[in-house]
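These are my notebook entries on a structure that I had not examined before. Each entry records what I looked up.

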Amino acid sequence: MKYVYFFGGKKAEGHGEMREVLGGKGAGLHEMTRIGLPVPAGFTISTEACDHFFQHEKKYPRGLESEVRKHLRRLEKVTGKTLGDPGDPLLVSVRSGSARSMPGMMETILNLGLNDRSVQGLTNKTGNERFAYDAYRRFVQMYSTVVIGLPKEDLEHRLRAMRQRYSAKQDTDVPAAGWKELVGEYQKFYRERTGKPFPQDPLEQLWGAIGAVFLSWMAEKAVTYRRVEKITGLLGTAVNVVQMVFGNKGESSGTGVCFTRDPSTGEKVFYGDFLINAQGEDVVAGIRTPMHLAEMRKHMPGLYKQIERVRVLLESHYREMQDIEFTVEEGKLYVLQTRGGKRTPAATFRIAVDMVKEGLIKRETAIQRIKAEDVERLFYPVVDPGIARTDLAKRKIASGINAVPGAAVGQAVFTAHEAEAMAAGGAKVILVRKETSPEDVGGMFVAQGVLTATGGKTSHAAVVARGWGKCCVVGCEQLDIDYASKKMSANGRVVNQGDWITLDGSDGVVYEGQVALAQPEFPPAYNTLMGWCDEIRRLGVRTNADTPHDARKAREMGAEGIGLCRTEHMFFKDFEQPERSAERQLAIQEMIVADSPEARHRALDRLLPFQRRDFAGIFEAMDGFPVTIRLIDPPLHEFVPHERDKQEELSQKIGVPVEVIARRVAQLHEANPMLGHRGCRLSITYPEILVMQVTAIIEAAIDCRKRGIKVLPEIMHPLTLDRKELRILEQETRRVADAIIAQAGVKLAYLVGTMIELPRAALLADQIAEVAEFFSFGTNDLTQTVMGLSRDDSGRFLPEYVDEKKAGIFPSDPFQTLDIPGVGMLMLWAIERGRAVRPKLKIGICGEHGGDAESVKFCHRAGMDYVSASPFRVPISRLAAAQAVIEEKQSGKPKKKGRNARAS
Ligand code: PEP
Ligand code: MG
């Protein structure tokens, strides 16, 4: 088996499609070499070697050693230099790189090949002792910490002390003697700690570095990142051994990171940072604040032209926005890396749409480049534009670089660990750091926003936060952060840990206290792209909405009707006239505690006008679209007070003795209310509730019809488990509805159907479909009843079931993403059985899964007519439904005839 792939001298053994084997970085280096870009030569050890390493107790595969030796010789031939040569040494970088980008999560070692002798060769060759020893101290430092695991801080305080001795403010002020001294100190420390001298044999160094890169694949931060980003199924990291080029050889050298388009807005402008006389990690670490490319264009036009050419070439080659790392060594440009650039959600939409317009990609590709999270993150808040500028100015603590837009409010916290602990306790936090490093990702993830004192737009904090669409301000240099006393200060203001602050990532400002936020407007590209989704998809997308307000919101989000209106939500709150909420509550409570049908009727009569008004509002909002209204579902005990004082209060209000109320509440008590007297069983026992609700629906529909509104009511019975049960309810529904319609002398079509939420209903779907005109899968209850897991309580142990590092039994939470093998199988059965009896049976889903991308794709494949999701998740469902069509096309599976007709 081949484990090592060479690139250099304009030829490469690998190519850009080999990400799985060469990792993203490796595949990019091979591909760039092939297309003639100036890439330093090197070789890539495959991810398969890493996989073998972890599968075999951290042993390298047989033959790897000789393959590496062979390719090293080849590299030496191409470069004309030898590793460790005391005359003119070849130096290499040893870098990680997996198939999916994990920025900063794994290890890198630079300047490998330096030792006490070859550093002299580098000095002689460059005539620059300062440079040679600076390179050597960086190598010793990285090797000691990354390969051997010595504490960073022990080395850094030696660096600080040396700088002080030489009164050097910055690294660039340190003379050769300083670096030389530091190398000596590092090596002494190394010997003290390990009992061995610092390795002088370059091959020993190389194998040490290769092992460290492999091991970093399983380091905690990398494992956490993969978990958070849901990255699974990769073999491991590749190792890239690449000839070193130096950005720190003086004023005509430098290093930079750039994006082919603006990663914040998506605008087609060249965008990035450049540091003169520096090595790559200086930009990423954000230690010095770099120069923007626009400035570089002014100061170094020739060089700018070279890098601009690379930008054009790479973007047209990959047809995707690229994040490029480059180094300039004495005026010569080298491209060190290219990869798909992380970007904000708004930029994701703009770039995808612009690239279609530019003819770079097809609409289908643009749609597939959008993730559900990108849609979700468009709805992140901004500082309320209504707040007066003067008010904001008063609150301003400091300003920095607007790395990731949006706004966030939270309590300041200065370490990632404390951020995690506070967030676990329910607090909203803003993580404040001088700069962030990969160790901080856990804290960054739970934070509402991230603030750093140093760094540019491509610093670690900016890149990681941008990937998550998380508000982030960097380079806020006025901040004086004191970790020891857990506070920061700027411009005379002090913020202690726990104090509230607000970040504005769009303007790059930090404010004192909690500033009001507002929802953002969509970027224009959002509407264009969602329009394309709507053209492609066949699955209808409805919404779960219980109020006219939510229904209107859902229409704005693109919903084509209501898939679930939970009527019981109307019993307790009047959303249009909140002051009348108490009246509704009393009516339903009186109905429940009533001990005679007459008393129940009286109470229900009071509820009727409220329900009628609610339904009319919803029909109006959904003019022309179907509205599925579900009759009462929860067990009645949920509506009556359990505490004695509340029962006494109710007793006084409705004139029923408190003992009667208490007795009634006790009667309603159930050991398993979720499996108890609920769902359509309530309408069987209390048909007067059904009568009231159906009356309200039909009267509201007639009223709307008369006002020229197009109404398509669908009356839905929940939790059905038997044909006879549903038949009784269906007949009663039609009796009531038809009488009202006849009396009104109008024509009104309506449907009667059921939710499929119980295994028995799914199993006997053919029988149920004899009665039901439509099915709507209530997958919240169906998941609960198929899996035997409580939807309310299983959160206590489910995380352990999902966590790969713990039990790892489920790939994801089944209440979030449909359990396709189990629940899904039952759904397929029910669809097939139901349609066998009633070919035109309309089928949808209204559990939470209707707003989950993976589940929506399953619904498409299953041939459903529509999904129904909460208003803010409607766009996710529209996107996923379009992606399902594209995936179907790509898999070559033909569309099922007569399905997903969008006839919802
Ligand atoms: C369901 O069970 O999936 C459903 C939509 O109903 P509810 O969540 O109201 O029980
Ligand atoms: Mg349910």
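**Entry 1: S855**

I began with S855, whose side chain reaches the backbone nitrogen of L818 at 2.9 Å; a polar contact is a pair of N or O atoms within 3.5 Å, where within protein one must be able to donate a hydrogen and the other to accept it, and residues adjacent in sequence count only if both atoms are side-chain atoms. I noted that this is a predicted model, in which local features need pLDDT of at least 70 and side-chain atom pairs count only at pLDDT 80 or more, while totals for chains, interfaces and linings use all residues. Residues are numbered from 1 along each chain as its sequence is written, chains are lettered from A and ligands numbered from 1 in the order in which they are written, and side-chain values use heavy atoms, with hydrogens and water left out.

I placed S855 in helix α35, residues 853-861; helices (H or I, at least four residues) and strands (E, at least two) are DSSP runs, numbered from the N terminus. Is S855 buried or exposed? S855 counts as buried because its relative accessibility is 0%; buried means under 20% relative accessible area, exposed over 50% and partly exposed in between, with a 1.4 Å probe and protein chains only. Not counting residues up to four places away in sequence, S855 touches Q816, T817, L818 and H849, contact meaning heavy atoms within 4.5 Å.

**Entry 2: the chain as a whole**

I found 36 helices and 34 strands in the chain. Of its 904 residues, 57% are buried. The C-alpha atoms fill a box of roughly 105 × 65 × 50 Å along the principal axes. Among contacts between residues at least 6 apart in sequence, 68% join residues at least 24 apart.

**Entry 3: the cores**

I then looked up the largest nonpolar core, which has 125 residues; such a core is a set of buried Ala, Val, Leu, Ile, Met, Phe, Trp, Tyr and Cys residues joined through side-chain atoms within 4.5 Å. L529, F619, I698, F775, F777, M827 and M864 touch the most other members. Helix α28 (residues 687-706) gives this core its largest share, 11 residues. Apart from this core lies another, of 84 residues, including A49, I231, A419 and V441.

I also traced F619, which touches, among others beyond four places in sequence, V627, I697, A700 and C704.

**Entry 4: α24 against α28**

Helix α24 (residues 597-621) packs on α28 at about 35 degrees, with the axes 8 Å apart; axes are lines fitted to C-alpha atoms, for helices over the stretch in contact, and angles run from 0 to 180 degrees between N-to-C directions. The contact includes L604, L608, F615 and F619 of α24 and I689, M692, A696 and A700 of α28.

In helix α2 (residues 47-55), I recorded T47, A49, C50, H52 and F53 as buried. Their cover includes α1 (19-34), β3 (42-45), α3 (64-79), α8 (202-216) and β8 (238-243). Just after α2, E57 takes a positive phi of about 45 degrees.

E20 is found in helix α1. At 47% relative accessibility, E20 counts as partly exposed. Leaving aside neighbours within four places in sequence, E20 is in contact with T47, A99, L234 and L235. How far apart are E20 and A737 in space? Their C-alpha atoms are 61 Å apart, and the two residues are 717 residues apart in sequence.
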